[in-house]
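Hi,

Here's the structure I promised to pass on. Have a look at it first, then read my notes below.

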Amino acid sequence: MIITFASPKGGAGKTTSIVTAAVELARRGNSVLCLDCDQENFLYKWAGRRDEQVEDGAEIPKVVVKNCAMLGQVTEKIEKYAEKYDYIFIDTPGFDSGSNRDAILASHLVVFPSKPGGFDIDSIPKINALSAQAAQIRPDIQCYLMPVDLDTNASRIETDLDFFEGIAERLEHVHLFPAYTQHRSAYIDASKMGLGPQEMNNAKATAESKEIGDGIQEIENALIDALEGAE
Ligand SMILES: Nc1ncnc2c1ncn2[C@@H]1O[C@H](COP(=O)(O)OP(=O)(O)O)[C@@H](O)[C@H]1O
Ligand SMILES: [Mg+2]
C-alpha cells in the first residue's frame with residue numbers, strides 16, 4: 001500500500017505522523033519503506049539516528065528511508081520498490097509541487113495531517129481542491145484529514161474532534177481519519193532520538209500510534225474488499 005502524507009503548509013505534522021505510522025506497521029511485522037521528498041530531509045535524518053540506535057544495541061524494527069528530494073525520484077523509486085514493501089510512505093514538503101502531485105497520484109491513500117490552530121484550518125480549502133483534482137484522475141483515491149497535536153485537556157478533545165468532523169462533513173473528497181494524536185512530548189522526543197512515539201514508554205502515545213496503524217489497515221482492508229467485489 002502506498003501512502004502519502006501531504007499538506008499545503010509546513011509544520012502540519014506530516015513527518016511526525018509518518019514516523020508514528022511507519023514504526024507502528026513495522027512493529028506489526030511489515031516491511032516498510034519511506035520516501036523522503038522534502039529537501040529538508042528531516043525523515044532521512046531521523047532514519048540516520050535510528051541506525052545509530054540499532055548500532056547501540058536497540059532492538060527496534062527496521063524502517064528503510066530513502067532520500068527522494070530530487071525531481072522525478074519519487075516515481076522512479078515507487079516503480080522500483082512497490083512490489084518489495086508492504087507499505088511505502090511518502091513524506092512531502094509543505095507546498096504544492098510537481099513531485100507532490102506525482103506522489104499523491106501514485107498513492108492509494110493520502111493523509112492530510114492538520115493541527116486545530118488557525119493557519120492549518122486556513123489550508124483546508126486547498127486540501128479539498130487538491131483531493132478533488134486527484135479524484136478526477138484517480139476516482140478510487142482515498143483522502144483523509146488527520147487531526148494531530150490536539151490539546152490534551154480532557155474538556156477540549158470532544159470540541160476539537162467535533163470541529164474536525166464538521167469540516168470533513170463539508171468536504172466532498174476528504175474523510176475524517178479514524179485516529180488522531182494529542183500534544184505529547186513523546187512525539188517530539190522520539191523524533192530527536194530516531195524512535196517512534198510507541199518506543200518511548202508512553203502509554204498514551206503508544207495507544208494513539210496503535211489507533212493510527214489500525215486506521216490505515218482498516219482503510220486498506222476496505223480497498224481490498226472493494227477490489228474483490230469489483231472482480
Ligand atoms: N502529536 C504531537 N505532539 C507534539 N508535537 C507534535 C505532534 N505532532 C507534531 N508535532 C510537532 O509539530 C512540529 C511540526 O511537525 P512536523 O511533523 O515536522 O510537520 P511537517 O512535517 O508537516 O512540517 C514539530 O515540532 C513536531 O514535533
Ligand atoms: Mg516534514
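**What I found**

Let's start around ligand 1: the residues of its shell split into 4 nonpolar, 10 polar and 3 charged. Bear in mind that this is a predicted model. In total, 17 residues surround the ligand, and the closest are Lys14, Thr15, Thr16, Thr181 and Tyr187. Two elements, α1 and α8, each give two or more residues to that shell.

Now for helix α8, which covers residues 185-193. Which of its residues are buried? They are Ala186, Tyr187, Ala190 and Ser191. Looking down the axis of α8, you'll see these buried residues fall within an arc of 130°, so they line one face of the helix. Ser185 and Lys192 are exposed, and they sit on the face turned away from the buried side. What do the buried residues of α8 pack against? Their partners are α1 (14-27), α2 (42-55) and α9 (203-230).

Last, the inside of the protein. The largest nonpolar core has 55 residues, and Ala22, Cys34, Phe89, Val111 and Tyr144 have the most contacts inside it. Helix α1 turns up again here, giving the largest share of this core with 7 residues. If you zoom in on Tyr144, leaving aside residues up to four places away in sequence, you'll find that it touches Leu109, Val111, Phe112, Val174, His175, Leu176 and Phe177.

Cheers

Conventions. Residues are numbered from 1 along each chain as its sequence is written. Chains are lettered from A and ligands numbered from 1 in the order in which they are written. This is a predicted model: local features need pLDDT of at least 70, side-chain atom pairs count only at pLDDT 80 or more; totals for chains, interfaces and linings use all residues. A residue is buried if 20 or more other C-beta atoms lie within 10 Å of its own, exposed if 12 or fewer, and partly exposed in between; C-beta atoms are placed from the backbone. Helices (H or I, at least four residues) and strands (E, at least two) are DSSP runs, numbered from the N terminus. The arc is that of the directions from the helix axis to the C-beta atoms. Two residues are in contact if their C-beta atoms, placed from the backbone, lie within 7 Å. A residue is near a molecule or strand if its C-beta atom, placed from the backbone, lies within 6 Å of it. Ala, Val, Leu, Ile, Met, Phe, Trp, Tyr, Cys and Pro count as nonpolar, Asp, Glu, Lys and Arg as charged, and the others, Gly among them, as polar. A nonpolar core is a set of buried Ala, Val, Leu, Ile, Met, Phe, Trp, Tyr and Cys residues joined through C-beta atoms within 7 Å.
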